[in-house]
Amino acid sequence: MTSALNLEHYLDNLENLPVELQRNFTLMRDLDSRVQELMRNIDKLTNDYMSNVKGYTADKKREMLTTIQHQFDKVKEYSDDKVQLAIQTYELVDKHIREFDSDLARFEAEIQDRAISATRKIEDNSQKRRKKIKDREIKKKSASSEEETAPNKTSKKKQLKKGVTKKTSVAPCKTPLINVVTNPSNPTNSVTSVTVETSSLTDALVGAGVVQSAEVLDMPVDPNEPTYCLCNQVSYGEMIGCDNPDCPIEWFHFACVKLTTKPKGKWFCPKCIIDRKKK
């Protein structure tokens, strides 16, 4: 019942995922269209400026350059928004994966508990069967003793007493069969050996995959996923890109570069700052 509830809960959470992904992808597509349109306008303005720069006054040149720069700033803003949407989409999917792993761990623990309960039940049933077989053999020995000592009452009483008080031995054995061994030469001194294998049933459950480990492992990182930042880890949380086009790392986690909010204007990583100072 618990497994069904876990599955229903996970499916309910998963139901809205396609809608949220579709919304994010639509916004990213819209931002990309705006960027492409701005880039076409920038190309047109640049060509006009280069063609007529000699005829422009100083004020006109400044106006044209300001317009082009403004277009570039809008392109960067839209691009940053698109990157943030991509990060949100990744974290959304990652969240559902972690929830699935948690539900799976609970399901495995439930299976293990059921397997342990089944094993204990089998062992209890085996003990009951051993006791029944032992009682049956004692009764059989008593009846045999009564038949052989019928002519002599005194001998009969002794044989009955001996047959009833005779102990039975249970020999440890790894075979799943039940064996009854009787000494034919002396029925009154026969020894009953009763063996029932329970560990083989447990081994069968383990081999069938019923008893599974409930140990929860962290979700492994995809070895093909690119790494970023000074920590050389995959992308997660809020990240910022270095404005140096030749930066070898490009993207950095806020925490690794001691940022809490997105800085205004251009931002350079610690490595690029050192390189710029050397120049």
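Visitor: Why does glutamate 250 count as partly exposed?
Guide: Buried means under 20% relative accessible area, exposed means over 50%, and partly exposed is in between (1.4 Å probe, protein chains only). Glutamate 250 has 44% relative accessibility, so it counts as partly exposed. By the way, this is a predicted model: local features need pLDDT of at least 70, side-chain atom pairs count only at pLDDT 80 or more, and totals for chains, interfaces and linings use all residues. Residues are numbered from 1 along each chain as its sequence is written, and side-chain values use heavy atoms, leaving out hydrogens and water.

Visitor: What is the phi of glutamate 250?
Guide: Positive, at about 80°, although glutamate 250 is not a glycine. Most residues other than glycine have a negative phi. You'll find glutamate 250 in the loop between β1 and β2 (251–253). Those names come from DSSP runs, numbered from the N terminus: helices are H or I with at least four residues, strands are E with at least two.

Visitor: What about lysine 258, buried or exposed?
Guide: Exposed, because its relative accessibility is 77%. Lysine 258 also has a positive phi, about 60°, without being a glycine.

Visitor: Why is threonine 89 called buried?
Guide: Its relative accessibility is 8%, so threonine 89 counts as buried. Threonine 89 is in helix α3. Leaving aside residues up to four places away in sequence, threonine 89 touches Leu21, Asn24, Phe25 and Met28, where contact means heavy atoms within 4.5 Å.

Visitor: What makes the link between threonine 89 and asparagine 24 a polar contact?
Guide: The term needs a pair of N or O atoms within 3.5 Å; within protein, one must be able to donate a hydrogen and the other to accept it, and residues adjacent in sequence count only if both atoms are side-chain atoms. The side chains of threonine 89 and asparagine 24 are joined at 3.1 Å. Another such contact, of 2.8 Å, links the side chains of asparagine 232 and threonine 227. Asparagine 232 is in the loop between α5 (199–207) and β1.

Visitor: What makes a group of residues a nonpolar core?
Guide: They're buried Ala, Val, Leu, Ile, Met, Phe, Trp, Tyr and Cys residues, joined through side-chain atoms within 4.5 Å. In the largest one, with 13 residues, Met64, Val75 and Tyr78 touch the most other members. The elements giving two or more residues to this core are α2 (17–52) and α3, and α2 gives the most, with 7. Apart from this core lies another, of 12 residues, among them Cys229, Phe252, Phe254 and Cys269.

Visitor: Which element gives the most to the lining of the largest pocket?
Guide: That's α3, with 10 residues. A pocket is found on a 1 Å grid over the protein atoms alone: it is an open set of points where a 1.4 Å probe fits, with protein on both sides within 12 Å along at least five of seven lines, and lining residues have an atom within 4 Å of a point. About 760 Å³ of space lies in the largest pocket. Of its 28 lining residues, the closest to the centre are Lys76, Asp80, Gly241, Asp243 and Lys262.

Terms used. Grid points are joined across faces, edges and corners, and a volume is the space filled by probe spheres set on the points.
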